[in-house]
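Hi,

Here is the model I said I would pass on. Have a look at it first, and my notes follow below.

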Amino acid sequence: MGKLISVIFGATILFACREESVTPAESKTQLDSIFMIASNFYFWNNYIPPANDFDFQTNNTPELVLSSFRAYSPDSVDKWSFAVKQSVWQKTISGISGDFGLGMRFLEPNDLRIAYVQPNSPAGIANLKRGYKVLKINGIYVKAENLQQLNQEFQLSSSLNLELIKNDSSILDITLQRSEYSVDPILHHEVFKNAVKTVAYLHLFTFSQEAAGRFPDIFNSFRTEGAEYLIVDLRYNGGGLLPVMEQLANHMVCPSAYNNIMYQVEYNDIYESSGAKYFFHEVSNSNCFKRIYFITAYKTASSSEVLISSLLPYSDVKVVGTPTHGKLMGMNTIPYADYTLVPVAFKILNRDGFHDDFKGIKPDIPMIDGVDSDWGTDEACIWEAIKDISGTQSENGRLANERYFQSQGNLIEDVQTWNGAFLR
């Protein structure tokens, strides 16, 4: 299989959010007020300089004030604090996006594939599919040395001309127009059946309120089909709302976990009293699975990582794929004037106090993202989980996978180079 590495193009919001309410301070300039409010909530607030020493000349917008906080976190682990216009934030949390509606990943240096397609987007309406090979973007050949140009076209162009090879080997030339659409939080779900095991599969793209409304019916169908095992695909899930993550966790956990700690949060010294524990509880149409598999990649972040971490003490859990993003942290959303301030505000631990120290959750079964296949049992990560469930993955095969990853240096994905670039 080819080498697959991950680069995130453009600003991707990774969040596990709780909202705070703040009244603007009329006695200060807007930037002073934004600095004071956001720095008070900031988890590493003790590292932030006093306002008199802060460089407001360089950091002269709300966006720059919040993003500047990142450098003050220990070892610059914060990659996420940001500010955004409230109008943009409202669209984000309402599930409205304004792009082409597809992501791409390199399988090899000159082999770029469609990784996912949002069904309501321009790409979805054009009936593009995961696995299609991209030959050109706006006339630019797909090559490692053209990465910067490809990124620029993907991020800035209002239209995207794609020359593709479809999964049936036919050639397709199509132009997409950037436009707004409703994000579908669940890209795929089905039940895989064979002679021995019945396996439920759920691909969750984001933890949104719409997703929460669909969980009961989906898990009822899993129960009706007699699913014994569950695969939750989080490889492109950058997070979302923690209460929605809690609902999903409650649908997946066995009754023995009810009323026990799901996860706990810690704040800075100013808001230490806000620290809290959150508990599992019974929901209708829940399932007690024999084992839960999570498919992960570098894009798996925040609420996705909290879900995996929270279930570790209670369920038989295996992780398939590559290490997660490393953001077991939460962010407060703070409305201020016409902005929403989103500083990293709390640390998230599971029942046993586990935190990954920003290194990501490592896979039990290392495997590349099989972007040359559409969703189903032929896809590399899904197939590895199925083999493990069926007991057909030999120890020699597993060791071969591990040696492959070690030789390719692929267990830690480099997000600054062409290697395995992720276009979105």
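How many aromatic pairs does the count come to? The rule pairs rings of Phe, Tyr and Trp (its six-membered ring) when their centres lie within 6.5 Å; planes under 30 degrees apart are stacked, over 60 edge-to-face, and the rest tilted. By this rule the count is 22 aromatic pairs. Take W44 and F358: the ring centres are 6.1 Å apart and the planes stand at 50°, so this pair is tilted. The two sit 314 residues apart, W44 in the loop between α1 (30–41) and α2 (62–68), F358 in the loop between β22 (344–350) and β23 (365–366). (Helices are DSSP runs of H or I with at least four residues, strands are E runs of at least two, and both are numbered from the N terminus.)

Before going on, the ground rules. This is a predicted model, in which local features need pLDDT of at least 70 and side-chain atom pairs count only at pLDDT 80 or more, while totals for chains, interfaces and linings use all residues. Residues are numbered from 1 along each chain as its sequence is written, and side-chain values use heavy atoms, with hydrogens and water left out.

Back to that pair: W44 is buried at 8% relative accessible area, whereas F358 is partly exposed at 22%. Here buried means under 20% relative accessible area, exposed over 50%, and partly exposed in between (1.4 Å probe, protein chains only). Y263 and Y278 make a stacked pair, with 4.8 Å from centre to centre and 15° between the planes. Y263 is in β16 (residues 261–266) and Y278 in β17 (residues 276–279), so the pair ties together parts 15 residues apart in sequence. Y263 is buried at 0%, and Y278 is partly exposed at 22%.

W44 and F358 also belong to one aromatic cluster, with F35, Y42, F43, F54, F56, F69 and W80. The charged end of K327 sits over the W80 ring, 5.5 Å from its centre, and that of R351 over the Y314 ring, 4.9 Å from its centre. (For this, NZ of Lys or CZ of Arg must be within 6 Å of the ring centre and within 35 degrees of the ring normal.)

Next, helix α5 (residues 147–156). Its buried residues are L147, L150 and F154. The face turned away from them carries the exposed Q148 and L156.

L150 also touches V142, which lies in the loop between β8 (140–141) and α5 and is buried at 6%. Leaving out residues up to four places away in sequence, V142 also touches F106, N110, L112, V134, L135 and K136 (contact means heavy atoms within 4.5 Å).

Finally, the sheet. 6 strands form an open, mixed sheet in the order β12-β13-β14-β18-β19-β23, where two strands pair if DSSP finds at least two bridges between them. β12 (186–193) and β23 are at the edges with a single partner strand each, so one side of each has no neighbour in the sheet. β14 (residues 229–233) and β18 (residues 291–296) pair in the parallel sense over 5 bridges, and Y229 has R291 as its bridge partner in β18.

Cheers
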